Amino acid sequence: MDSLEIIGGNNLSGEVQISGSKNSALPLIASIILSKKSVKIHNIPDVVDIKTLIKLLKILGAEEKFSSNTLEINTIKINKTVATYDIVKTMRASILVLGPLLARFGHCQVSLPGGCAIGSRPVDLHLKALRKMGANIEIKNGYIQASVENGLKGGDIKFEKKTVTGTENLVMAGALAHGTTILRNCATEPEVIQLCEVIKNAGVEIDGIGTETIKIIGTSGKLLNMEDIEVIPDRIEAGTYLCAGAITNSEIKLTSVEPKHIKSILDKLKEMGFTFKITAQEITIFPTSNILPVNLITAEYPLFPTDIQAQFTALATQSNGKSTIEERLFENRFMHVNELERLGASIKIDKNIVEISGKTELFGADVMATDLRASSALVLAGLIANGKTTIHRIYHLDRGYENLDEKLNKLGANVKRVKLTK
Ligand code: EPZ
């Protein structure tokens, strides 16, 4: 397993181009199961989770070609509807094939994703909603066994909790259902919006895009006339690089970014004393003479994203004062805290709230990546820790950050990827 060696202390400068959104590309790739023709999806990040989903669709029978961030995919020849444990266990977002496979074929088996480092990650809301559309769903031998006679039927469905992939699964299911599906208490993330827009462009009547109530008039099983797609920028990657500029107190410019998708992150960084120059697709962050502490609570979009919580925990170690961060979405999303403490951070955990004391000088050490976003927090801390920080098990990072070491080195950091010799 590869590791990253970071020599801390460098100021950063220059520009970093933000890649396409992993969490938009994943449902978009799954949605091609609904397409009657081959589709080109541009600006897809070349990261492991994307390659895993492409591999899954290929195993089901799709034809695909993925190069230079463009995926050309044709699912017409799909002749299998079983998403096996060996694939799903490596990437729980594989659950996104459940809605489209069931809508198109009337049956499918998807391995239960199971939990991950940040929590139990249930999919009960996905299943409850699909049952309301007439699906028979059983859990047997660790698999979701779903079937429906004569196609899914539109229903009026209210999610008990906002679920991003749950909303995405049901939008895809509703697209091919008989009649009208109304989804209430929907997630409103930009990634959900892009999926709805793509399905609308393919000829499906959808109202309420971007709101908590989405109404879909299904095609009664007719496959969609899907157009080529350009994936939106990755707002979580953008937030992570803004934190890289902030923690090193440097001036850096992000390009190919969508500022309106990260308002909650920019607002918190402004509270910490940072200033910005913002244009349509670029954001420049400027250093501050005094990094102020921050208090934040994670919540569903458009509030502060849970996927940036770990990064702000690292940043808060460099602020002058006490910061508090409350994690409200996942039950175990503090795996980075122990590792940050190994670098010298002073952090207290009380249930789902962490209190970070700053400013604390950090010292390089060996640390362990545990999940995608926790790993990026360790990278940020390594940028300013004295001496060398070695981050082990960086396959976690490779799941969701494209060319992270190259991008950071281009900004002036000193990051080396060390391949573990077999
Ligand atoms: C999506 O996961 C993202 N992944 C996650 O990003 C992100 O952290 C999360 O949304 C929250 O924003 C993708 O989009 C591929 P949820 P998802 O269903 O859809 C509970 C990353 O780092 N819940 O919105 O799995 C759940 O336990 C990843 O890129 C149920 O109880 O999250 C959680 O507490 C990590 N039952 C809350 O809802 C369900 O059936 C939100 O989960 C579904 C969810």
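This is a predicted model: local features need pLDDT of at least 70, side-chain atom pairs count only at pLDDT 80 or more; totals for chains, interfaces and linings use all residues.
User: Which residue forms a salt bridge with Arg 333?
Analyst: Let's begin with where the two partners sit. Arg 333 is in the loop between β19 (321-326) and α11 (335-342), and its partner is in the loop between β18 (295-297) and α10 (309-316). The pair links distant parts of the chain, 26 residues apart. The closest N and O atoms are 2.7 Å apart, and the partner is Asp 307.

User: Is Asp 307 buried or exposed?
Analyst: The cut-off for buried is under 20% relative accessible area. Arg 333, its salt-bridge partner, has 8% relative accessibility and counts as buried. Asp 307 has a relative accessible area of 16%, so Asp 307 is buried.

User: How many residues apart are Lys 162 and Glu 212?
Analyst: These two form a salt bridge, with 3.1 Å between the closest N and O atoms. Lys 162 belongs to the loop between β10 (156-158) and α6 (164-176), while Glu 212 belongs to the loop between β12 (205-207) and β13 (213-217). The pair thus links distant parts of the chain, and the separation is 50 residues.

User: What is the relative accessible area of Glu 212?
Analyst: Partly exposed covers the range between the buried limit of 20% and the exposed limit of 50%. Lys 162 falls in that range, at 21% relative accessibility. Glu 212 is partly exposed too, and its value is 42%.

User: Which strand holds Arg 417, the partner of Asp 405?
Analyst: The side chains of Asp 405 and Arg 417 meet in a salt bridge of 3.2 Å, N to O. Asp 405 lies in helix α14 (residues 404-410), so the pair ties together parts that are 12 residues apart in sequence. Asp 405 is buried at 8%, whereas Arg 417 is partly exposed at 29%. The strand that holds Arg 417 is β24 (residues 415-418).

User: What does the count of salt bridges come to?
Analyst: A pair counts when a side-chain nitrogen of Lys or Arg is within 4 Å of a carboxyl oxygen of Asp or Glu. By this rule, the count is 26.

Technical notes:
Residues are numbered from 1 along each chain as its sequence is written. Side-chain values use heavy atoms; hydrogens and water are left out. Helices (H or I, at least four residues) and strands (E, at least two) are DSSP runs, numbered from the N terminus. Buried means under 20% relative accessible area, exposed over 50%, partly exposed in between (1.4 Å probe, protein chains only).
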